[in-house]
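Keep the viewer handy and follow along.

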Amino acid sequence: MDRLRPRNRATFSGFTNAEIEKMDKLSGESQGRSFDREFYQKLTASFNRSSGRAGKPTVKWTEVQSWFQARIQDLPEVPENNLESSQGKCKEGETIRDPSQLEFEARSTKDGAWYDVEAFLAHRFVGTGEAEVRVRFVGFGASEDEWVNIKDSVRERSVPFESTDCSYLNVGDPVLCFQERRDQAIYYDARILEIQRRMHDIRGCRCLILVRYDHDNTEEKVRLRRLCRRP
């Protein structure tokens with residue numbers, strides 16, 4: 001059986017003690033607030049310029065982002081009756097995050113899930129006249145390169161929702177959802193069936209969203225952090 005692949009690499013564990021202390025401090029000061037891409041890129045650049053990283057591999061901004069995301073998710077559950085009312089419910093008028101660079105994702109022919117594209121290697125036309133492109137997925141080697149249909153299986157990269165974006169969700173919206181199962185944890189297309197609006201807490205949005213996966217019609221209730229906005 002072909003190996004099922006996670007969308008992202010495992011959390012980077014090569015940070016120095018000084019870097020971890022710096023991120024711990026920033027995480028504590030943020031009080032669960034999420035940061036934007038520019039923050040992660042600037043922090044990563046400061047790490048790579050420091051004398052403490054001399055002779056060590058450079059850090060990627062996505063590795064710093066993954067560290068902060070893992071730290072936020074590790075915060076203890078807050079009972080709903082202790083939620084801070086000042087955080088409020090989902091609010092209208094919040095600005096939706098705009099991706100700063102154009103990136104792509106492709107649907108694997110092996111499992112039907114979507115993965116980030118590292119590079120487009122070649123293209124060809126099949127007998128039906130449709131175009132295909134050979135892609136390399138982020139975090140995987142040449143042995144797992146695939147030919148995929150450009151029209152149906154390549155698109156601009158889906159963007160993770162911010163904790164304030166829940167007010168923009170509507171029943172029927174198409175999303176990309178992180179499906180966690182016993183034997184896999186990958187991203188599939190889905191549609192929103194129901195939204196249970198809830199108060200936010202220190203970790204952000206606590207709304208429950210019922211989705212139905214396109215590939216197998218199963219349904220699941222998920223948090224906003226497991227959803228991405230499809231292009």
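Strand β3 and strand β4 (residues 146–149) run antiparallel and are joined by four bridges. V133 sits opposite V148 in β4. For the bookkeeping: strands pair if DSSP finds at least two bridges between them, and the elements themselves are DSSP runs, numbered from the N terminus, with helices being H or I of at least four residues and strands E of at least two.

Before going further, a word on what you're looking at: this is a predicted model, where local features need pLDDT of at least 70, side-chain atom pairs count only at pLDDT 80 or more, and totals for chains, interfaces and linings use all residues. Residues are numbered from 1 along each chain as its sequence is written, and side-chain values use heavy atoms, with hydrogens and water left out.

## The overall picture

The protein chain holds four helices and 11 strands. Of its 231 residues, 39% count as buried, where buried means under 20% relative accessible area, exposed means over 50%, and partly exposed is in between (1.4 Å probe, protein chains only).

What about contacts along the chain? Taking those between residues at least 6 apart in sequence, 58% join residues at least 24 apart. Contact here means heavy atoms within 4.5 Å.

## Two helices side by side

Go to helix α1 (residues 17–30) and helix α2 (residues 37–49): they pack at an angle of about 155 degrees, with their axes 11 Å apart. Axes are lines fitted to C-alpha atoms, for helices over the stretch in contact, and angles run from 0 to 180 degrees between N-to-C directions. So α1 and α2 are roughly antiparallel to each other; the cut-offs are under 35 degrees for roughly parallel, over 145 for roughly antiparallel, 65 to 115 for roughly perpendicular, and oblique for the rest.

Which residues make the contact? On α1 they are E19, K22, M23 and L26, and on α2 they are F39, L43 and F47. By type, the residues of this contact split into five nonpolar, two charged and no polar. In that count, Ala, Val, Leu, Ile, Met, Phe, Trp, Tyr, Cys and Pro are nonpolar, Asp, Glu, Lys and Arg are charged, and the others, Gly among them, are polar.

Is E105 buried or exposed? At 0% relative accessibility, E105 counts as buried. On one pairing, three bridges join β1 to strand β5 (residues 154–156), and the two run antiparallel; E105 stands opposite R155 in β5. The C-alpha atoms of E105 and S153 are separated by 8.2 Å, although the two residues are 48 apart along the chain.

β1 also runs antiparallel to β2, again with three bridges, and R107 faces W114 in β2. The two strands form a hairpin with six residues between them, and G112 in the turn has a positive phi of about 75 degrees. A113 is found in the loop between β1 and β2 and counts as buried, at 0% relative accessibility. Leaving aside neighbours within four places in sequence, A113 is in contact with A106, R107, S108, I186, Y187 and Y188.

## From β2 into β3

Strand β2 (residues 114–125) and strand β3 (residues 131–137) run antiparallel, joined by seven bridges. A119 of this pairing stands opposite R136 in β3. They form a hairpin with five residues between them, and G129 in the turn has a positive phi of about 90 degrees.

E118 lies in strand β2 and is partly exposed, with a relative accessible area of 46%.

β9 and β10 pair in the antiparallel sense over four bridges, with R212 opposite E219 in β10.

The loop between β9 (208–213) and β10 (219–222) contains N217, which has a positive phi of about 60 degrees although it is not a glycine. Most residues other than glycine have a negative phi. N217 is exposed, with a relative accessible area of 55%.
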